[in-house]
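Let's walk through a few spots in this protein together. Have the sequence and the model open, and try each question before reading on.

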Amino acid sequence: MIPPMPLSGYRGLSLWHDTIGDIEPRPSLTSDLEVDVAVVGAGYTGLWTAYHLVTADPSIRVAVIEKEVAGFGASGRNGGWCSALFPASLRRMAAERGRDAAVRMQHLLHSTVADVGRIADAEGIDCHFDQGGYLSVARNPAQLERVRDEVSEHREWGFGEEDHRLLDAHEVTEVAGVSEALGGSFTPHCAAIHPARLVRGLADAVERRGVVIHERTAAVDVRSHRVVTAHGTVRADHVVLATEGYTPTVAGRRRAIAPIYSLMTATEPLPEHLWAQIGLEKRTTFADNRHLTIYGQRTRDGRIAFGGRGAPYHYASKVSPLYDRDERVHAALRRILLELFPVLDGVTFTHAWGGNLGVPRDWFPSVRHDRHTGLAFAGGYVGDGVATSALAGRTLAAMIRGDDPEDLASLPWAGRTSRDWEPEPLRWLGVNAVTALMTSADWSERRTGRPSRAASAFWTALGQ
């Protein structure tokens with residue numbers, strides 16, 4: 001079992017943790033406890049589930065068990081995109097429950113973005129929520145072809161200009177001064193946030209409603225109707241596993257989710273003359289359309305926080321603080337950001353961090369609850385979890401209460417289970433081979449301007 005982090009280490013987890021002040025852990029569990037719902041994991045999924053449970057019924061007794069502190073994992077370290085992006089395509093969602101269910105889910109994801117901002121405002125959570133949309137830039141012909149195809153596909157599913165629209169090169173540069181832009185697309189369904197402020201604020205909000213949060217309390221065994229820790233057992237009618245990229249550390253779940261590391265870097269606060277050239281006045285989030293994901297935002301204090309994939313998957317789904325930093329990947333991220341915005345040449349980068357995210361075998365998130373065993377799970381967001389987890393928590397709360405007026409249990413991700421990842425060494429070989437393939441495809445497309453056949457075949461095989 002991985003020991004808890006030293007108390008002094010929380011500010012060093014990320015830019016976000018470094019800019020919220022010192023974190024004082026809540027009391028650990030010291031004895032047995034009996035509640036209606038036990039939640040394992042004080043990230044977005046667990047806290048949104050608790051929030052929607054107690055706002056619907058204040059009499060429900062909810063306890064949240066957290067190995068470290070609320071927001072220790074991806075919920076406190078991510079890129080700060082509260083977006084309607086979903087890892088599975090509309091076509092794949094439709095294969096689960098039909099076209100209408102897929103379209104309905106996408107509309108719910110759109111509205112959930114604004115819901116997060118509305119609830120944060122109502123709860124007094126200053127999470128720096130600014131819904132400036134998302135700009136996807138095409139910087140070579142292959143990327144431009146994909147952007148056009150994506151917008152065209154959304155048209156086929158009934159989504160209009162108000163949801164996704166094509167931009168020419170001039171329109172892109174009116175939003176952000178990205179170099180070599182050939183065009184792009186824009187969706188308003190994304191907000192830039194300060195993720196640690198949101199997750200810590202949610203923890204405070206549920207506590208005010210009577211939810212008990214025990215931090216620095218590791219769950220050593222999670223099963224039907226009970227969560228066992230070193231200092232007490234929590235017994236509950238319902239147990240929610242909300243551990244995302246840490247799921248492989250839970251006994252018996254090593255192959256359920258692959259913990260993939262995504263790393264980030266941040267600049268110093270930039271002067272106004274640079275922002276005049278960069279743009280992003282509305283804090284529009286941005287990326288280009290490469291295969292190996294990158295993501296960036298303008299922070300409220302005038303930095304660029306920028307991240308991406310490329311870190312290796314570690315054998316046997318191992319999770320360790322040692323993997324939060326990788327100088328090779330962080331150097332590549334700084335280089336990519338300078339390619340996007342050459343005016344940043346010479347600026348100081350003040351922070352470098354990372355963390356794991358949860359990837360199911362089929363890249364399709366799940367929300368499920370077994371009324372017989374009382375066990376519930378939501379996760380596998382593949383890095384698109386800020387708004388998605390809010391909808392997941394709302395859905396889990398409805399399932400647990402058995403009161404679902406919105407019929408959330410009919411959504412494409414509800415009640416499904418992804419098959420387990422392959423045993424090692426196949427898992428290690430497969431995941432790292434995909435990373436290498438995406439890296440090679442991006443290099444090839446930048447050099448030739450033509451779409452990578454290998455990458456296209458991979459996405460087709462995955463059903464995207």
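Q: Is tyrosine 10 buried or exposed?
A: This is a predicted model, where local features need pLDDT of at least 70, side-chain atom pairs count only at pLDDT 80 or more, and totals for chains, interfaces and linings use all residues. Residues are numbered from 1 along each chain as its sequence is written, and side-chain values use heavy atoms, with hydrogens and water left out. Buried means under 20% relative accessible area, exposed over 50% and partly exposed in between, using a 1.4 Å probe and protein chains only. Tyrosine 10 has 1% relative accessibility, so the residue counts as buried.

Q: Which residues form one aromatic cluster with Tyr10?
A: Rings of Phe, Tyr and Trp (its six-membered ring) pair if their centres lie within 6.5 Å; planes under 30 degrees apart count as stacked, over 60 as edge-to-face and the rest as tilted. Tyrosine 10 and phenylalanine 72 make an edge-to-face pair, at 6.2 Å centre to centre and 90° between the planes. The cluster that holds Tyr10 also includes Phe72 and Tyr246.

Q: What is the relative accessible area of tryptophan 353?
A: The ring centres of tryptophan 16 and tryptophan 353 are 6.3 Å apart with planes at 80°, so this pair is edge-to-face. Tryptophan 353 is buried, because its relative accessible area is 0%.

Q: Which residues does threonine 112 touch, leaving out those up to four places away in sequence?
A: Threonine 112 is buried, with a relative accessible area of 2%. Counting contact as heavy atoms within 4.5 Å, threonine 112 touches Ala387, Ala390, Leu391 and Arg394.
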